[in-house]
Amino acid sequence: MLSVARSSLALAAQMGFFSLNGFGLLVGALYNGRTPILYENNLHHKLGWAVTWAVLAQIIIGLLRCGTGENKTEEAHREERVAFMPAGREHMTGYQRLQPGSLASMHRYSHDSAHGTESNTTSSDCPREGKDEETPHIEDQAPDHDIPYEANRRLLNSVKLFRQLSRMSQLLPYQIRKLLSLYYDAVDILILIIGFVLILTGFVTYGGVFRHNNIFNGLAHSIKGGIFFWYGLLTLSRWMGCFASYGWAWNVRPSHRIVGARHAKVPSAEFVESFVIFLYGSTNVFLEHLAGWGDAWTAQDLEHVSISIMFFGGGLFGMLVESRKIRDLLNASLSQWDASGHQYSQKRRWAPPQTYSFSMNPFPALIILLLGLMMSSHHQHSTVSTMVHKQWGMLFVGFALARAVTYILIYLGPPSSYLPSRPPSEIVASFCLISGGLVFIASNKDTVAAMESHGLNAMFVFTVTMGLTAFLMAWEVIVLAIKGWAIGRRGLDCHAACRTLP
C-alpha cells in the first residue's frame, strides 16, 4: 500500500520484504536439502522463484525511478491534474488569509473560474506564499518531479553505487522508462493475487493433495472459492471507501470534472458483478464434465451445468438492467410525449426519479442466494462433505440477505455525498463472502478425505475459517489505513517542500 500511495517509504518497505523473503528462501533451501521431494514437479516451487525475480525487478525499477525522479506514468499525471471545483479568486484569497498555515495553501486553483488561461503562463506545482499574481489552471501544470521521491533520491545519491545507477537510468529512452513504470504498477496490482495463489499452492504441496484426476476437483474449488473470497475483500474495501471515484463506495458518483473522464466512464459495481457472473456461466458450461471426460454424463454433472446456465442468464439480465440505453428504450413509449407545453408543476413529473442516480440491482445477490440454497442441499459422498457444503452455502445466503438490507437502506436514504455512506450491512455481507469462499476452497474431495482420515468433523473447518476471516478483515482495515496515512504524510511533505521553495 505504501507503493500504491506513492510514499517515500515504499522503497525501504520493498527492500525489507525482499530481505525477509530471501531469509525464507535460505531456510527453504536448507529444508529441501535434508528431505526427499514428496511432490514432484509442483507449481509452488516454480511460481515462488518467478515471483521472487519479479519482485527483485520491481525493486530495481524503483531505484531507477528514484534516480530519474519519476514515480508515475504520464497517465497518472493526467489523472492528478483533473480540474477541481471552480472557485473565485476573491474567495480563495480570503480563505488563505484566514488560514495561512493550513494545508489549503498547497492546492492549486484557477482564478478565472475554470475557463482556461493563457498558454504562456507558468508556475510551480504549489503556490508560493506571498505571491498574488494569477495562477494557471490546474490542467496546464505538470510537476517535473514528485517531492516525496526527492528524499529517496538524495539518500541514494549519497551512495556511490546508486549514483552510478542514477546516471545510467537517466540515459534510458523515455519509451523504455514508460514500459518499466507500467511493469512496476502492474506488479503493485497483481502481487496480492499472486501471493494468494502462492499460499494455496503451498498448502497443496505441503499436504500432497490434488494428484492425478483429483486436480480438476481441486482447481474448481480453489478458483471458484477464491473468486468469492476476493469478492468479499472487494466488498469490504467498497465499504471503507475504495473506488469512491467510480461511485462504488455507496456514494454519489463524482462528475468527470472532478475525477476525470476515465473514472467517470467506469460502469457501476453491479454491472461488474453481473459481468463476472455472466463470464463464469458462459465459460463454465463447457468445463463441468472435464473431470469425467469421455464418460457418461451423470445427474450431478447436469446439476452443475444447470447452475452455470443460471449464472449465464442471470449475469446477462443483470447487465441489461444496468444499461442506460436499455432503460431509455423501455421508457420510449412515454418519452415520445412532449412535456414542454405543460406547467412547471407538470414538468417536474417528467424529471427522472431519484432512484436513477444510483444502482439498485438485486440480481447478482439473487444468483448467489440461489447458489447457496442449491449447494447447502447438494448431495455428497459423505456426511462431512455434505455439512461443509451446507456451511458455505448458508454463508452465501447470508451475503444475499445482507445485500438486500443494504438496498433497503439505500432506497430509504439515497446517497447525497461524494463520501462513502458505509451501510453497516455491507460488513456482514463481506464477512459472509470471505468466510464462504474459504470454506468453499476447503470443501474439495482431498481435503474432506484428509479430515475424515484424521477424525475431524465439519465444525473444525467452520471455526478455523471464522477466526481467520475476522483477522483478515481487521488486517485489511489496517492496511488501507496505512495507505491513507501515507497519502496524508505525502501531502504534508509536499506542503513543507513548497514552503521552502526559493
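This is a predicted model: local features need pLDDT of at least 70, side-chain atom pairs count only at pLDDT 80 or more; totals for chains, interfaces and linings use all residues.
Residues are numbered from 1 along each chain as its sequence is written, and side-chain values use heavy atoms, with hydrogens and water left out.

Start with the big picture. The chain has 20 helices and zero strands, where helices (H or I, at least four residues) and strands (E, at least two) are DSSP runs numbered from the N terminus. Of its 502 residues, 39% count as buried; here buried means under 20% relative accessible area, exposed over 50%, and partly exposed in between, with a 1.4 Å probe and protein chains only. The accessible surface comes to about 29000 Å², and 67% of that belongs to carbon and sulfur atoms (Shrake-Rupley method, 1.4 Å probe; for residues, only the protein chains shown count as cover). Take the contacts (heavy atoms within 4.5 Å) with a separation of 6 or more: 77% of them join residues 24 or more positions apart.

Now pick out helix α12, residues 299-322. Its 24 residues, at 1.5 Å a residue, should span 34 Å, and the end C-alpha atoms are 35 Å apart, which agrees; the expected span is 1.5 Å times one less than the number of residues. Buried residues in α12 include Asp301, Val305, Phe311, Gly314 and Glu322. Among the elements covering the buried residues of α12 are α11 (269-284), α13 (324-330) and α16 (363-376). Glu303 also belongs to α12, but at 39% relative accessibility Glu303 counts as partly exposed.

Phe311 leads on to the largest nonpolar core, which has 31 residues; Phe228, Phe311, Leu371, Phe396 and Phe399 touch the most other members. Leaving out residues up to four places away in sequence, Phe228 touches Ile368, Leu371, Phe396, Leu433, Ile434, Gly437 and Phe440. Apart from this core lies another, of eleven residues, including Leu233 and Trp239.

Rings next. Rings of Phe, Tyr and Trp (its six-membered ring) pair if their centres lie within 6.5 Å; planes under 30 degrees apart count as stacked, over 60 as edge-to-face and the rest as tilted. That gives 16 aromatic pairs. One of them, Phe196 with Phe229, is stacked, at 5.1 Å centre to centre and 10 degrees between the planes. Phe196 sits in helix α7 (residues 174-207) and Phe229 in helix α8, so this pair ties together parts 33 residues apart in sequence. Both count as buried, Phe196 at 14% relative accessibility and Phe229 at 6%. The rings of Phe229 and Trp230 have centres 5.8 Å apart and planes at 85 degrees, so that pair is edge-to-face. Trp230, at 27% relative accessibility, counts as partly exposed. Elsewhere, ring pairs link Phe228, Trp392, Phe396 and Phe440 into a cluster.

How values were computed
A nonpolar core is a set of buried Ala, Val, Leu, Ile, Met, Phe, Trp, Tyr and Cys residues joined through side-chain atoms within 4.5 Å.
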